[in-house]
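Kindly read each point with the structure in view.

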Amino acid sequence: SAYPGVRRALKCHQRRLALRGQIVIVGRDIGTVILPEADLKLYLDATAEERARRRHLELASRGGTETLEEVLDNVLARDRIDSGREEAPLRRAADAHYIDTTGMDLSQVLDTIRGLMDDDGNAQGTV
């Protein structure tokens with residue numbers, strides 16, 4: 001959220017959930033603000049064009065009429081806002097594994113992530 005009060009409330013709630021045990025939490029500030037002590041941090045990325053293409057397909061599957069260009073403009077605007085905000089800006093945690101998912105399908109992304117985990121689902125080694 002762009003609202004600091006909402007961010008603070010969500011942070012407390014998300015941390016409380018995470019402390020219950022093994023959990024996956026997705027968000028643009030999880031590894032840097034919400035759970036900087038997480039065992040395994042992933043920074044999933046793709047080009048803006050790839051993210052817009054994926055989002056456009058998702059929206060179209062639900063009857064959306066936005067053009068690919070409009071979706072790309074929205075992706076770029078959100079990146080600018082999230083990267084430039086004063087509180088909890090979007091950035092990669094220093095100890096997060098960087099995974100560029102451009103051109104990858106879901107199974108390839110999951111295989112990459114599994115490669116970072118041991119048989120019990122725990123993080124292997126460090127970045």
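1. On the surface, a patch of negative charge is formed by four residues: E66, E69, E70 and D73. Please note that the model is a predicted one.

2. Is E69 buried or exposed? The relative accessibility of E69 is 60%, and because exposed means over 50%, E69 counts as exposed.

3. As to charge in the whole protein, there are 19 positive and 22 negative charges. The mean position of the positive charges and that of the negative charges lie 6 Å apart.

4. How many helices and strands does the protein have? The secondary structure consists of five helices and two strands. Read from the N terminus, the order of these elements is α-α-β-α-α-β-α.

5. The overall extent may be described from the C-alpha trace, which spans about 40 × 35 × 25 Å along its principal axes. Contacts between residues at least 6 apart in sequence were also examined: 57% of them join residues at least 24 apart.

6. The protein has 127 residues, of which 23% count as buried.

Conventions: Residues are numbered from 1 along each chain as its sequence is written. This is a predicted model: local features need pLDDT of at least 70, side-chain atom pairs count only at pLDDT 80 or more; totals for chains, interfaces and linings use all residues. Side-chain values use heavy atoms; hydrogens and water are left out. Helices (H or I, at least four residues) and strands (E, at least two) are DSSP runs, numbered from the N terminus. Buried means under 20% relative accessible area, exposed over 50%, partly exposed in between (1.4 Å probe, protein chains only). Contact means heavy atoms within 4.5 Å. Lys and Arg count as positive and Asp and Glu as negative; His and the chain ends are not counted. The place of a charge is taken as NZ of Lys, CZ of Arg, CG of Asp or CD of Glu. Patches are made of residues with over 30% relative accessible area and no salt bridge: like charges are joined within 9 Å, nonpolar side chains (Val, Leu, Ile, Met, Phe, Trp, Tyr) within 5 Å. Accessible areas come from the Shrake-Rupley method with a 1.4 Å probe; for residues, only the protein chains shown count as cover. A salt bridge is a side-chain nitrogen of Lys or Arg within 4 Å of a carboxyl oxygen of Asp or Glu.
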